[in-house]
Amino acid sequence: MTRRHRSFESLNSLAPRRRTVVKAAAATAALAGPLVAAAPARAVTGAPAFLHGVASGDPLPDGVLLWTRVTPVPEATPGSGIGPDIEVSWVVATDKALTNVVAEGSVTATAASDHTVKADVRGLEPATDYWFRFSAGGTGSPVARTRTAPAHDAAVPRLRFGVVSCANWEAGHFAAYRHLAARGDLDAWLHLGDYIYEYGSGEYAARGRVVRPHTPAHEILTLADYRARHATYKTDPDLQALHRSAPVVAIWDDHEFADNAWSGGAGNHTEGTEGAWSARQAAAKQAYFEWMPVRPAVEGTTYRRLRFGRLADLSLLDLRSFRSQQAALGSGSVDDPDRTLTGRAQLDWLKAGLTASDTTWRLVGNSVMISPFVIGSLTADLLKPLAKLLGLPQEGLAINTDQWDGYTGDRRELLDHLRSHAIRNTVFLTGDIHMAWANDVPLNAGTYPLSESVATEFVVTSVTSDNLDDMVRAPEGTVSAAAAPVIRAANRHVHWVDTDRHGYGVLDVTADRVQMDYYVLSDRTSPDATSAWARSYRTRSGTQKVERTYDPV
C-alpha cells in the first residue's frame, strides 16, 4: 500500500458496577467492540498489576478525571478481550502519604473496556493539589499528583502549562515528558495531538532508523490494534512520570486515527483493503477514550471548554471528525465556502464561547496551524523537502491544505468574528507541524503589517517526530539557519520559526501577558537527553501581537 506523508502531521456495553463514597463519583468508560488478541505489556505474576501507570485529566474547580489500566491476570493483555472482571478501588487525599483521605470509591474493570477505568471525582476544593492511587487484589498503583482548576470567579495570579505535540515512539525517547515532569510547577499540561502514531514499524522513524520498535508491528486498523498501540505508549517511563505529575488536557489530531484524516477517510487509509474507514475511525475513537483521561464531549469528540478562574478559559478543538476532505493542490477549492475544517456546529460553538468569555485570556487548543504560511523563494535543495513535508507540490504552492490554509472560509469567518466583536487576547496553541513558531494571526496576510492582527499563535515543535533537518539528513540547525529567514521574509506575521529541533513548551499566563518558553532536547534518540531553553515569546494584554522576551519564566 502507498503511504503518503502530505504534511508533517497534517504536513481519528457493559454498565460497570459503581458506588459513591464521601463526595466523589466514579465511572468507567465501558465501550464494547470487536476484540482480537494483541498487546505489548504482560504481568509477570498472577497478581493484578498496574503496568500502564496512572493519569488524571480535564481538571474542574470541584473535580478531576482519574485513569488507570489494570492487568488482572497475565493473559489479559491490552486488546486481547480476555480476563476476569476485577474491582479497582481508588483514593484521593490532600497529602502524598494518603493519610488525609477526602474521597474514595471503586469501579469494576472489565474486558469490554480493555480493563481501563476512569473515576470522575467531584466534591473537591478548587486550585488544590491532591494525590491519588488505585488498588486491586492487594496491589497498589503508583501514587500520583493532580490539581483542580481555580474557582469559576477566582482572581488567579498565574497559570502554568506544559505544551507538547507529536510524540512518535519509533523516532526516539520521550525525554521531553521527563523534563516537564521534573519541573513540579505545572497546573496542567496540554497535548495538542499525535499522542500515538498509527504506522507499521519502520514506516515513520528517526531519519529512517527505528530507535525502538512499537507494538503491534503492523499498521493499526482494528480496535485491538489501537488499544495495543496506546498500551505501548503508556509503558514509557517518562510519559508515566508526566502523567503522575499533573493533569493532562488532550485533543487528538490525525495520527490517533491515520495520517491526514478527515471525516470520511484519510491519506493513510485504503478503503476496502484496510476495511471501512467508518469502522477504523470508530475503533480509534473508542480506544482513545478508553486509554486517555479525557471526557468525551459533543458527539464523542474532543471539542470542549475548560475554565481557569477569571484569568483564562481554554477552548479545545477537534479538527478531524467534521472536516471536509483536503483540497486538491492547485484546485482553488480551498476558498469553497461549502468546505469546512471545524464543522458548522463546532465553529458556532467556538465563536459563541469566545464572545461570551469574561476571562482575561481566551486560549484555543488547536491541532493544526491557523496562521497563513507561504513558502516564498526557497533554494531548490530546501524547497523540495519542505514541500514534501508540508504536502505541497515541489515547484512550490503557497498553502498547506491540511491546515487552516486549506479551509479559508472557516478561518475568515472566525477571524472576522474576532474583529467585529472586538474580542481581544485570543491565543492559539498549536502542534502538528514539527517546527516551533511564534506568530501574529493577521486578518489579511497579504497586506500585513498594514492590516491588523486579531490574535496570536504559539506553535510547539515535535517531541520526537522528524522535522526539516531530519528529512534532508542535515546537521541540526543548518537547515533552519537557511530556511527561517526566507520563511519570515515571505510571512511578515511570523516572528520566529525553528525548523530543526525537537522539544516542548512551557506556557505562563498572567493578567499582563501570555508567554511561551521554548525548550529543545539534546538528542531525541537518547533516553538521557538533556533539555535547554531556546527562546521565549510573549503577547501582552490588548496588543494581539507577539514580541520576543529574553528570559524564561
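This is a predicted model: local features need pLDDT of at least 70, side-chain atom pairs count only at pLDDT 80 or more; totals for chains, interfaces and linings use all residues.
Reader: Which element gives the largest share of the lining of the largest cavity?
Author: About 60 Å³ of space lies in this cavity. Two elements give two or more residues to its lining, namely strand E21 (494–498) and strand E23 (513–521). The largest share is three residues, and the strand behind them is E23.

Reader: Lysine 234 lies over the face of which residue?
Author: A charge sits over a ring if NZ of Lys is within 6 Å of the ring centre and within 35 degrees of the ring normal. Lysine 234 lies at 5.1 Å from the ring centre, over the face of tryptophan 67.

Reader: At what distance from the ring centre of tryptophan 349 does arginine 305 lie?
Author: For Arg the atom that matters is CZ, which has to be within 6 Å of the ring centre. Arginine 305 lies over the face of tryptophan 349, and its distance from the ring centre is 4.0 Å.

Reader: How many aromatic pairs does the count come to?
Author: The rings of Phe, Tyr and Trp pair if their centres lie within 6.5 Å. Ring pairs also link Trp169, Phe174, Tyr177, Trp189 and Tyr233 into a cluster. By that rule the count of aromatic pairs comes to 20.

Reader: Are the rings of tryptophan 67 and tryptophan 291 stacked, edge-to-face or tilted?
Author: Tryptophan 67 is in strand E3 (residues 63–69) and tryptophan 291 in helix H4 (residues 277–291), 224 residues apart, and the pair links distant parts of the chain. Both tryptophan 67 and tryptophan 291 are buried. Stacked needs planes under 30 degrees apart and edge-to-face needs over 60. With centres 5.7 Å apart and planes at 45 degrees, the pair is therefore tilted.

Reader: What about tyrosine 197 and tyrosine 204: at what angle are their planes?
Author: Tyrosine 197 has a relative accessible area of 1%, so it is buried. Tyrosine 204 counts as buried too, at 10% relative accessibility. Their ring centres are 5.7 Å apart and the pair is tilted, with the planes at 40 degrees.

Reader: On to the strands: which residue in E18 stands opposite valine 364?
Author: Strand E17 (residues 361–366) has six of its six residues buried, with Arg362, Val364 and Asn366 on one side and Trp361, Leu363 and Gly365 on the other. E17 pairs in the parallel sense with strand E16 (residues 312–316) over five bridges, and serine 315 stands opposite valine 364 there. E17 also pairs in the parallel sense with strand E18 (residues 426–430), again over five bridges. In E18, valine 364 has opposite it phenylalanine 428.

Reader: Which residue in the turn between E15 and E16 has a positive phi?
Author: Four of the five residues of strand E15 (residues 304–308) are buried, so the rest of the structure largely encloses it. E15 and E16 run antiparallel, joined by five bridges, and phenylalanine 308 stands opposite alanine 312. The two strands form a hairpin with three residues between them, and a positive phi of about 60 degrees belongs to glycine 309.

Reader: How far apart in space are valine 546 and valine 514, C-alpha to C-alpha?
Author: Valine 546 is in the loop between strand E24 (531–540) and strand E25 (547–549). At a relative accessible area of 4%, valine 546 is buried. Valine 546 and valine 514 are 32 residues apart in sequence, and their C-alpha to C-alpha distance is 9.5 Å.

Key. Residues are numbered from 1 along each chain as its sequence is written. Side-chain values use heavy atoms; hydrogens and water are left out. Buried means under 20% relative accessible area, exposed over 50%, partly exposed in between (1.4 Å probe, protein chains only). Two strands pair if DSSP finds at least two bridges between them. Rings of Phe, Tyr and Trp (its six-membered ring) pair if their centres lie within 6.5 Å; planes under 30 degrees apart count as stacked, over 60 as edge-to-face and the rest as tilted. On a 1 Å grid over the protein atoms alone, a cavity is a set of points where a 1.4 Å probe fits but cannot get out, and a pocket is an open set with protein on both sides within 12 Å along at least five of seven lines; lining residues have an atom within 4 Å of a point. Grid points are joined across faces, edges and corners, and a volume is the space filled by probe spheres set on the points.
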